[in-house]
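Subject: Structure for your review

Dear colleague,

Please find below the structure that I am handing over to you. My notes on what was found in it come after it.

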Amino acid sequence: MFRYVLTRFAIWIPSVLVVMMAVYAMAFYGAGDPIKLIFLRAPGDVAYNPERIEAIRESAGLNKPFIEQFGLYIWNLLHGQFGNSLTSGRSVWAMVSAAAPVSFKLALCSITLTAVVAIPLGMIAALNQNSRLDYTILGSALFLWAIPAYVAGPLLMVGLIVFLPMIKVPYGWGGIFDVRILLPLIVLSFQPIALIVRQTRAAVIEVLSEDFVRTARAKGVPEIVVALRHILRPVLTPVVTQLGLVMITIVNGAIFVELVFGLPGLGRLTVQALTNSDYPVILAITLIGSFLVMVSNLLVDVLYPLLDPRANDARRSR
């Protein structure tokens with residue numbers, strides 16, 4: 001297992017380098033000069049001072065060729081230096097360290113809510129296949145999947161203000177135990193819940209045709225015992241795999257959710273960095289996002305043999 005983990009990290013490192021180079025190239029050759037943006041937001045005629053702009057660009061190292069800039073950034077990164085923000089001058093590591101816990105807590109709560117809600121609903125739908133209850137659950141899942149976070153967030157906020165005006169607007173961050181987290185958490189979990197409901201339903205329907213399930217029912221084992229003891233464990237194998245992939249959906253949705261509900265997380269920081277063409281912040285967030293997705297997939301691969309011993313035997317045979 002240790003060798004397998006090292007192999008995955010060895011594959012991940014060049015992949016992240018390629019992604020970071022692509023992001024850096026888009027920032028370097030794309031529209032938006034962070035130094036000019038700083039001066040354009042300044043009062044007076046200071047924005048029209050090309051000599052001063054060029055002097056600041058030179059001091060920041062932005063006048064060097066692309067390869068030289070990117071190589072210098074990677075060299076500093078290897079020494080634990082993420083650089084400073086081009087717009088605010090603050091340490092990128094300090095900015096990311098302040099925003100990352102908010103996004104991580106929100107993502108962890110979203111995955112927990114998705115698992116607690118979606119897996120039972122998917123099992124109920126499959127055990128009542130082709131019934132009205134099955135169609136209701138499946139239809140609701142398809143409805144939730146069709147609503148993106150940037151649409152659901154503002155609609156729910158407006159609805160809350162219109163129908164429950166006595167309740168305070170859920171804007172801002174007060175921790176995971178603050179009532180204001182409920183609405184952004186629900187919005188962020190819409191599409192993951194819909195995905196896991198459908199995955200669980202399909203997995204349960206497949207397991208129901210297995211011989212050990214028919215044998216347990218023929219012996220008169222109660223249906224609840226059959227569901228929890230004989231069906232749940234083989235169903236968890238593909239569902240846990242899908243939960244790891246759901247992390248990508250949550251990371252993408254967090255950008256809009258944090259912006260709509262005023263959460264000071266990585267999503268909001270990403271939007272600010274993209275608006276200001278702040279290369280160091282964008283690259284740091286890209287690195288964290290890649291690492292988060294990689295770790296999620298790695299955890300899925302580690303848990304897979306625990307849920308399905310046949311996967312461990314197949315890995316050893318290779």
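This is a predicted model: local features need pLDDT of at least 70, side-chain atom pairs count only at pLDDT 80 or more; totals for chains, interfaces and linings use all residues.

Overall composition

The protein chain holds 13 helices and zero strands. Read from the N terminus, its elements accordingly follow the order α-α-α-α-α-α-α-α-α-α-α-α-α. Of the 318 residues in the protein chain, 39% are buried. As for contacts between residues at least 6 apart in sequence, 75% of them join residues at least 24 apart.

Annotated regions

The unreviewed UniProt entry places the feature "transmembrane region" at residues 9-31, 92-121, 142-167, 179-197, 239-261 and 281-307. Two of these spans may be compared with the model. Residues 179-197 are 84% helix and 0% strand, with 26 Å between the end C-alpha atoms.

Helices α7 and α10

Helix α7 covers residues 149-163 and helix α10 covers residues 223-261; the two pack with their axes 8 Å apart and at an angle of about 25 degrees. Because of that angle, α7 is roughly parallel to α10. The crossing of α7 past α10 is right-handed. On the α7 side, the contact is made by Ala 149, Tyr 150, Gly 153, Pro 154 and Met 157. On the α10 side, Gly 253, Phe 256, Val 257, Val 260 and Phe 261 take part. By class, the residues of this contact are eight nonpolar, two polar and no charged.

Helices α5 and α6

Helix α5 (residues 92-127) packs with helix α6 (residues 132-145) at an angle of about 140 degrees, and their axes are 8 Å apart. This crossing of α5 and α6 is left-handed. From α5, the residues Leu 121, Ile 124 and Ala 125 meet Leu 133, Asp 134 and Ile 137 of α6. The contact of α5 with α6 comprises five nonpolar residues, no polar residues and one charged residue.

The loop between α5 and α6 contains Asn 130. Most residues other than glycine have a negative phi. Asn 130, although not a glycine, has a positive phi of about 65 degrees.

Two further residues

Is Arg 201 buried or exposed? Arg 201 has a relative accessible area of 16%, so Arg 201 is buried, the cut-off being under 20%. Arg 201 is placed in helix α8, which spans residues 182-208. Neighbours within four places in sequence being left aside, Arg 201 is in contact with Gly 122, Ala 125, Ala 126, Gln 129, Asp 134 and Leu 138. Among these partners of Arg 201 are Ala 125 and Asp 134, and both names also occur in the contact of α5 with α6.

Ala 94 belongs to helix α5.

With kind regards

Definitions and conventions
Residues are numbered from 1 along each chain as its sequence is written. Side-chain values use heavy atoms; hydrogens and water are left out. Axes are lines fitted to C-alpha atoms, for helices over the stretch in contact, and angles run from 0 to 180 degrees between N-to-C directions. Helices (H or I, at least four residues) and strands (E, at least two) are DSSP runs, numbered from the N terminus. Angles under 35 degrees count as roughly parallel, over 145 as roughly antiparallel, 65 to 115 as roughly perpendicular and the rest as oblique. A crossing is left-handed if the near helix is turned anticlockwise from the far one by less than a right angle, and right-handed if clockwise. Contact means heavy atoms within 4.5 Å. Ala, Val, Leu, Ile, Met, Phe, Trp, Tyr, Cys and Pro count as nonpolar, Asp, Glu, Lys and Arg as charged, and the others, Gly among them, as polar. UniProt positions are given in the numbering used here, feature names are shortened, and annotations may be inferred rather than shown by experiment. Buried means under 20% relative accessible area, exposed over 50%, partly exposed in between (1.4 Å probe, protein chains only).
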